[in-house]
Structures are given as C-alpha cells and as structure tokens.
Amino acid sequence: MWTVDTDKVMSEILDGEAVIIDLASGRYHAAIGVACTIWEGLLCGHSFERIMNDVHRHHTGVPADAETVVRVFIDSVVAAGLAQPSANTGSTSDSRVPAGPEPTITRFSVAPPAAEIPAGPASMA
C-alpha cells in the first residue's frame, strides 16, 4: 500500500487521465489509461492486489505480464517522489476501458512566467 503526501503532490483525474503535480519541483506528470487506474490506487492507498484487481476490472486486453509492468510503473512513481509505501486503504469505481499501451508517466515542465511569453499583436482600442 502507498500514500501520497498532499502537501507535496497534487493531482486531478479527468476522463481517464491523471495530472500529477510535484509541488516541490514544479514538474507535472500525466498518467493515462492503465497508468491513471494505478495512480488512483496509489492515491487511495490500495494494496498491490487491489490495484491489480482494478486494472483487470477497468480495462480489457490486459497483458499476461501486467503484474510486472504495474510493479515497474509503481516503482517509477515512488522513485519520482510522488508516492511512498504505506498501510492505507480506499475504494474504486467499476467502469472498464481498454488497457491500451504499457503504462507510463510523462513529465512536463511548467510554463515560463508570463513575462517570458512573447506578447501577441496589440489590440485595437
């Protein structure tokens, strides 16, 4: 089981995609499809077994090596400092979608301050 320190990490899940922000570094990440389901499990403090049940319940076409792939993904989330091992539990939903590609987390940089963004054409008064 895992925890997410909400003082250091913020996330929002919309339409099967989790946007995860590391507040300390300013980096944000996207977890889509199966990765989003795994993130939800981590966020809720689910056990590995429950996360795997959720992956199979919510997605079709889950590969035979899914447990290994999910463990590697969770290890990458922990290594990025987005979650830590814990003993909490939580709940999940029941909608199913195709498993899609191997779960990955994509890191993005924060946009530059507004002062660095070139101004568009001047508006007419």
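These legends go with a set of close-up views of a predicted model.

Residues count from 1 along each chain as its sequence is written. Since we're looking at a prediction, local features need pLDDT of at least 70 and side-chain atom pairs count only at pLDDT 80 or more, while totals for chains, interfaces and linings use all residues, and side-chain values use heavy atoms, with hydrogens and water left out.

View 1. Reading from the N terminus, the order is β-β-β-β-α-α-β-α-β-β-β. Helices (H or I, at least four residues) and strands (E, at least two) are DSSP runs, numbered from the N terminus. Of the 125 residues, 30% are buried; here buried is under 20% relative accessible area, exposed is over 50%, and partly exposed is in between (1.4 Å probe, protein chains only). Take the contacts between residues at least 6 apart in sequence, and 66% of them join residues at least 24 apart, a contact being heavy atoms within 4.5 Å. The protein exposes about 7,700 Å², with 56% coming from carbon and sulfur atoms; accessible areas are Shrake-Rupley values with a 1.4 Å probe, and for residues only the protein chains shown count as cover.

**View 2. The β3–β4 hairpin.** Strands β3 (residues 17-22) and β4 (residues 28-32) pair in the antiparallel sense over five bridges; pairing takes at least two DSSP bridges between two strands. Look across from Ile20 and you'll find His29 in β4. Five residues sit between the strands, and Gly26 in the turn has a positive phi of about 85°.

**View 3. Asp15, in the loop between β2 (9-14) and β3.** Most residues other than glycine have a negative phi. Asp15 isn't a glycine, yet its phi is positive, at about 50°. The residue counts as exposed, with 83% relative accessibility.

**View 4. Helix α2 and its buried residues.** The helix covers residues 48-58, and Phe48, Ile51, Met52, Asp54, Val55 and His58 are buried. Down the axis of α2 these buried residues fall within an arc of 155°, so they line one face of the helix; the arc is that of the directions from the helix axis to the C-beta atoms. As a reminder, an α-helix has 3.6 residues a turn, so residues three or four places apart point the same way.

**View 5. Around Met1, with Glu49 and Ser86.** Glu49 is 48 residues from Met1 in sequence, with 9.4 Å between their C-alpha atoms. Ser86 is 85 residues from Met1 in sequence, and here the C-alpha to C-alpha distance is 5.0 Å. Setting aside neighbours within four places in sequence, Ser86 is in contact with Met1, Trp2 and Thr3. Ser86 belongs to the loop between β6 (84-85) and β7 (97-98) and is partly exposed, at 28% relative accessible area.

**View 6. Cys36 and Cys44.** Cys36 is buried at 2% relative accessible area, whereas Cys44 is partly exposed at 27%. Counting a disulfide as a pair of cysteine sulfur atoms within 2.5 Å, the tally is zero.

**View 7. Residues 88-95, where pLDDT stays under 50.** pLDDT is the predictor's confidence in each residue, from 0 to 100. The protein averages 81, and 74% of the residues score at least 70. For residues 88-95 the model has 25 contacts beyond four places in sequence. Where pLDDT is low, the predicted coordinates should not be read in detail.
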